Amino acid sequence: MRIIVVGNGMVGYKFCEKLVAKKIPGIQISVFGEEQYPAYDRVHLSSFFEGKDITGLELASPSWYRENGIDLHLGDPVQAINRSAKLVHTFKGFVKHYDILVMATGSSAFVPRIEGVEKEGVFLYRTIEDLYLIQSYAAKVKTGTVIGGGLLGLEAAKALIDLGISNPHVIEFAPRLMPRQLDEVASEMLLTTLTGLGLTIHTNTNTSGILGKNQITGLQFADGSSLQTDMLIISAGIRPRGELAVECGLETGMNGGVVVNNFMQTTDPSIYAIGECALYNEMIYGLVAPGYEMAEVLVTHLYNMMVKPPLPAREFTGFDMSTRLKLVGTDVASFGDPFADGENVRNIVLKDSVKGIYKRINVSADGKYLLGGILIGDATQYNLLLQTCKNKILLPPHPEDVILPAREGKKEEGAGVTTLPDDALICSCEGVSKLSICQSVTDKGCETVDAIKKCTKAGTGCGGCLPMVKDLMVYTMKQQGKYIRNVLCEHFDYSRQELLDLVKLHELKTYDAVLNQLGKGDGCEVCKPAVSSIIASLWNEMILKKGNDTSQDSNDRFLANIQKGGTYSVVPRIPGGEITPEKLITIGKVAQKYGLYTKITGGQRIDMFGAHLGDLPFIWSELIVAGFESGHAYGKALRTVKSCVGSTWCRFGLQDSVSYAIRVEERYRGLRAPHKIKSAVSGCIRECAEAQSKDFGIIATEKGWNLYVCGNGGSKPQHALLLAADIDSETCIKYIDRFLMFYIRTADPLTRTATWLNKMEGGIDYLRNVVVNDSLGMAAQWEVEMQSLVDAYQCEWKAAIENPEIRKRFSHFVNAPDEKDPTVQFEPLRDQKKVANWK
Amino acid sequence: MTQQKETALESDRWFAACRVEDVAENGGVCVKYGDSQIALFYFTRRNEWYATQNECPHKKQMALSRGMIGTKNEEPKIACPFHKKTFSLVTGECLSGDECAIKTYPVKVENGRVYIGIGQNDVS
């Protein structure tokens, strides 16, 4: 099968590269290019003037073509196509037969009909050849002008500045700059910025003639005015090069674009067209990314014609024309539908005329999805916005946050790279997904952006995705514990989050099993409690089961808080702070009998201090008979859910806060987490339960509940933030389930929810997206997992006193089980007692 | 330290503390010896036994037997439950950077019984 490619531009080259990679047996490829150079990076043409030499722009060296068996003819354009005989005739006189002909002839600069364009000093801005001519002419002159205020025209103006022409003029026929990409305000902003940078821009200006004898000396405008200039670059748009197609009778469009179908096939089944010469659905795609996509479509199509089994079919269905570039050092970007407007669209605009920043996003009326937008002056959010738009990722509840600059003390807003789905297209030029980039890091060991570029080709086109590629690399390396090694201790090379996933995956249920399979050495006081907490969070089994007892943190090991002097305190659970007189009497009697000091805690419970280790099982037996259960005051677990008295008694109360607090406390009792968890429910906005200082706090409203999360008292008090408003009781429980599971899954050891949130990229908006909008798609799983933890709950003190093996550990002397520690000393204080001071 | 150990081994009594199964695996218990308290540890993972004074020298608390054992670069150690000060189970030296140290005792196991070697100067 003989394939002839007409044209060796960026898209023609990309077609060869992709075709060669498929290793189709029995094909011969010939390429005929008009220029003297093998395909080069036309997108970065102006970097030629910044000193990059031509080989730096080359996409592949001539030897690449040889090594891949491609017969490359440069400076030898195809001049005619004989369709009936399937022959091409070239400028140098070759006549070659083809089975498949691929037209990748690109486009040429559109030259408006102006009198005098043939004069010396008038240039186009399209090829390396043009650049050489411009360069040598500019060295001799002082002033320069560009016709065309579009993308390329402004690039050309930048090139003039680089060549030492200090104040180039730009002439635009339309009323504004870059009319295809920017709205009026954006154009105005760009114009102001560019003017400040030394360009003089004339909009609404129609050039009627070029002045000068043989050499250009100035421009004549239709309104009668004129402008002196030593040279002129015309960059007024492109025109597809379809001459060959017209001559051989293929169907072409009004500008000469070659009409193609979804497989890039022209009206002759043996002839295809790709890139800027192809006219698809009455549209010419003048960017490199869609051209590459066309090349991919065609390669897949040809492969499937010749090879079995076929690849999944691929069709061209149009392409996103989003673009980002730097014009004279100014960020300019537009994406999605930059002009979306009307009833079903919310436009959000941020404008700072001093800083030259204009940002517009178009959001669906319900505020959920991003439709498109424009960024001038600051396009740092471009990649994320583009991905959010393309992948239809839910916006945060205040969509304006995504374009607001990050402020001090406020983390980067909106979704980070981490939230993108695996198939999100990061590099649209080369069609590289997030997954392939992450995999190049994990599987192929790429740890620099250059290595990733080489391995995946991401970022080798326009380069606009490189910041994102870097973020993904850092993120993936972090995930592997490579960049920031956040490992547990010398015995485990994993972070808590990684370890949790592994313990879950391998269904490990004892500390030793985890250490044998995932760690090394003999453990220590850092990894033992952390692993024990993970095991408890995952399986919710009795923590003092043989094999796990001695790996528990000191307090967990004896199910009580060790106090000064070596005695313990006892805190029975009093859900919501509600207690019957009978139970109060029991506590009083128990405290009396065992000589305990009693105090009301901050969490609406009663703490009994001064219990000897050996007395603990007896104390608990009596408490359990009276209907108490463990309060987990000793564990990194749910402590209390405090409540105000609420609508049952209070004249201001809106909801029954006590009943709800009891429900919440009984649901999450015994739940172990990276750190302790406190909660509260207030019956109205007077907030008597101080819910906003808790890990999660609930405040009644007229319609239901407001749920606040990640508050903290302690040494660095922090108010909880509103996660969801006016939700009903069931929804509130659902959100708390998800919130707690997310926390348990991802927090570092001994990190309270407040700190966890402070470290979270995207902050509360990200958290809300995960919990409320289920942006990670984990909600259902988390709810099921939480329910199984709730179902597995048992009072561990009850289990402990019923098990003789466990009960045996509750004595001070192994060889004198009934004796108490004689060194424990108490002193009287008011009507009770206190422990003797530290020595 | 070596000298102290030798003294204990040579001249003094081996005190029968308890049976092997009385000690939690990879954990400790407190042994009463007259008016003294000795912490006894069964490092099951390494099949090693250690004994030290039960009092943590930091705040003078009788608590080391309730602490967590582990290793630091292969060196067996005990962490006090009060403030997580750690001490070498081999040398008694404080590994958390304090000047204090704890007394250590030799341990032997015979016929399922655990013996602690007490020197004459060890016990007050």
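Me: In this predicted model, which ring does Lys32(B) lie over?
Reply: The model is predicted, and side-chain atom pairs count only at pLDDT 80 or more. Lys32(B) lies over a ring face at 5.5 Å from the ring centre. The ring belongs to Phe813(A).

Me: How far is the charged end of Lys833(A) from the ring centre of Phe826(A)?
Reply: A charge sits over a ring if NZ of Lys is within 6 Å of the centre and within 35 degrees of the ring normal. The charged end of Lys833(A) sits over the ring of Phe826(A). The distance to the ring centre is 3.8 Å.

Me: How many aromatic pairs are there over all chains?
Reply: Ring centres within 6.5 Å make a pair. Over all chains, the count is 20.

Me: Are the rings of Trp620(A) and Trp797(A) stacked or edge-to-face?
Reply: The ring centres are 5.5 Å apart. Planes under 30 degrees apart count as stacked, and over 60 as edge-to-face. The planes of Trp620(A) and Trp797(A) are at 15°, so the pair is stacked.

Me: How many residues apart in sequence are the parts that Trp620(A) and Trp797(A) tie together?
Reply: Trp620(A) lies in helix α18, residues 616-625 of chain A. Trp797(A) lies in helix α24, residues 796-802 of chain A. Both tryptophans are buried. The parts they tie together are apart in sequence by 177 residues.

Me: Which residues do ring pairs link into a cluster with Trp620(A) and Trp797(A)?
Reply: Ring pairs link these two tryptophans into a cluster.

Me: At what angle are the ring planes of Tyr42(B) and Trp49(B)?
Reply: Tyr42(B) and Trp49(B) are both buried. Their ring centres are 4.1 Å apart. The pair is stacked because the planes are at 5°.

Me: Which cysteine has the sulfur nearest to that of Cys684(A)?
Reply: A disulfide needs two cysteine sulfur atoms within 2.5 Å. Cys684(A) is in no disulfide, and the count over all chains is 0. At 5.9 Å, the nearest cysteine sulfur is that of Cys650(A).

Me: Is Cys684(A) buried or exposed?
Reply: Buried means under 20% relative accessible area. Cys684(A) has 10% relative accessibility, so it counts as buried.

Me: Which residues does Thr751(A) contact, leaving aside neighbours within four places in sequence?
Reply: Thr751(A) is in the loop between α20 (729-746) and α21 (753-759) of chain A. Its relative accessible area is 7%, so Thr751(A) is buried. Its contacts are Pro674(A), His675(A), Tyr743(A) and Trp756(A).

Definitions and conventions. Residues numbered from 1 in each chain as written. Chains lettered and ligands numbered in written order. Predicted model: local features only at pLDDT ≥ 70, side-chain atom pairs only at ≥ 80, totals over all residues. Heavy atoms only, no water. Phe/Tyr/Trp six-rings, centres within 6.5 Å; stacked < 30°, edge-to-face > 60°. Helix = DSSP H or I, 4+ residues; strand = E, 2+ residues; numbered from the N terminus. Buried < 20%, exposed > 50% of the residue type's maximum accessible area, 1.4 Å probe, protein only. Contact = heavy atoms within 4.5 Å.
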